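Reader: I have a new model open and want a quick tour. Can we go through it piece by piece?

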Amino acid sequence: MEIKDFCSFCDFDDEKTIYETENFKVVSAVGQITEGYSLIMPKDHYHCIGALPENYQKEYIALKNKIRSALEKIYGACIFYEHGRVGYCNVQPGEQLCYHGHTHAVPLNVNLYESLVSDGLVPVKLSDPGEIFNKYSTLGHYLYFEDNDSNAYMFQITHPIPRQYLRKLTANAIGKPELADWSKYPEREKMLRTVKKIQEVL
């Protein structure tokens, strides 16, 4: 899968890379809403995490659990979320959308569930986080949220969702809505501390 044009997820600087497996990379996110904010992504292009092929799925779940354990050890809590999209990573001039699937790992003790429901999104409770792969085939477009206790939900997208919607909900949840704008608040020093601290416990 050689669709690499315009993709901001294919060429991360080494200084942002936290950890790698055969098929995945973990990087420190630009725009650290909180220190430790990381992204888990496949090295190849897949539209979203739900679309990962079967031979990638166990590796992804094991890696996500490893990152959760590291973040909990360092920061005490962790949530995950994803904008499950479809399409290709082919950004048109003036746009910044990317369809290279990635999961956000955020060390915060916040729950976005009620905000998602209050915005009219209907939750589908997963029996375990690994069920995302089976549900994706029936739900299509989705939002994914996993709380501090590993309770996992997929929300089917039935109406337009603002760009970086879950990031905005997260920033609002900690009372710092301005941090949703990663371009204005890249938090580079936190980003570099994130790499160092997580690498020390992995």
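Author: We start with the overall fold and then turn to the sheet, the helices and the rings.

Reader: What kind of model is this?

Author: This is a predicted model.

Reader: How many helices and strands does the protein have?

Author: Five helices and eight strands.

Reader: In what order do the elements run from the N terminus on?

Author: They go β-β-β-α-β-β-α-β-α-β-β-α-α.

Reader: What share of the residues counts as buried?

Author: The protein has 202 residues, and 48% of them count as buried.

Reader: And the surface? What does it come to?

Author: The accessible surface is about 9,900 Å². Carbon and sulfur atoms hold 48% of that surface.

Reader: What about contacts between residues at least 6 apart in sequence: how many join residues at least 24 apart?

Author: The share is 69%.

Reader: Take strand 5. Are its faces covered or open?

Author: Both faces are covered. Thr103 and Ala105 lie on one side, His104 and Val106 on the other, and all are buried.

Reader: Which residues stand across from strand 5?

Author: Strand 3 pairs with strand 5 in the antiparallel sense over three bridges. There, isoleucine 40 stands opposite threonine 103. Strand 4 and strand 5 also pair in the antiparallel sense, over three bridges. Isoleucine 79 has valine 106 as its bridge partner in strand 5.

Reader: Now strand 8. How many of its residues are buried?

Author: Four of its five residues are buried, so strand 8 counts as mostly covered.

Reader: How many bridges does strand 8 make with strand 7?

Author: Five, in the antiparallel sense; strand 7 is residues 142–146. Glutamate 146 has alanine 152 as its bridge partner. Tyrosine 142 has glutamine 156.

Reader: And with strand 6?

Author: Strand 6 and strand 8 pair over three bridges, again in the antiparallel sense. Proline 123 stands opposite phenylalanine 155 in strand 8.

Reader: Back to the hairpin of strand 7 and strand 8. Which residue takes a positive phi?

Author: Serine 150, with phi near 65°. Five residues lie between the two strands of this hairpin.

Reader: Where else is there a positive phi?

Author: Glycine 175, which follows helix 4, has a positive phi near 75°.

Reader: Which residues of helix 4 are buried?

Author: In helix 4, residues 165–173, the buried ones are Tyr165, Leu166, Arg167, Leu169, Thr170 and Ala171.

Reader: What do those pack against?

Author: Strand 4, strand 5, helix 2 and strand 7.

Reader: Rings next. How many aromatic pairs are there?

Author: The structure holds eight. In one of the pairs, tyrosine 113 and tyrosine 153, the ring centres are 4.7 Å apart and the planes are at 55°.

Reader: Why is the pair called tilted?

Author: Because the planes meet at 55°. Stacked pairs need planes under 30 degrees apart, edge-to-face pairs over 60, and the rest are tilted.

Reader: Which parts of the chain does this pair link?

Author: Distant ones: tyrosine 113 in helix 2 (residues 113–118) and tyrosine 153 in strand 8 (residues 152–156), 40 residues apart.

Reader: Buried or exposed, those two tyrosines?

Author: Tyrosine 113 is partly exposed, with a relative accessible area of 22%. Tyrosine 153 is buried, at 14%. The cut-off for buried is under 20%.

Reader: Which charged end sits over the ring of tyrosine 153?

Author: That of lysine 125, 5.6 Å from the ring centre. Lysine 64 also has its charged end over a ring, that of phenylalanine 80, 4.7 Å from the centre.

Reader: Last one. Which residues do ring pairs link into a cluster?

Author: Phe24, Tyr46, Tyr56, Tyr60 and Phe133.

Note on methods: Residues are numbered from 1 along each chain as its sequence is written. This is a predicted model: local features need pLDDT of at least 70, side-chain atom pairs count only at pLDDT 80 or more; totals for chains, interfaces and linings use all residues. Side-chain values use heavy atoms; hydrogens and water are left out. Rings of Phe, Tyr and Trp (its six-membered ring) pair if their centres lie within 6.5 Å; planes under 30 degrees apart count as stacked, over 60 as edge-to-face and the rest as tilted. Buried means under 20% relative accessible area, exposed over 50%, partly exposed in between (1.4 Å probe, protein chains only). A charge sits over a ring if NZ of Lys or CZ of Arg is within 6 Å of the ring centre and within 35 degrees of the ring normal. Contact means heavy atoms within 4.5 Å. Accessible areas come from the Shrake-Rupley method with a 1.4 Å probe; for residues, only the protein chains shown count as cover. Two strands pair if DSSP finds at least two bridges between them.
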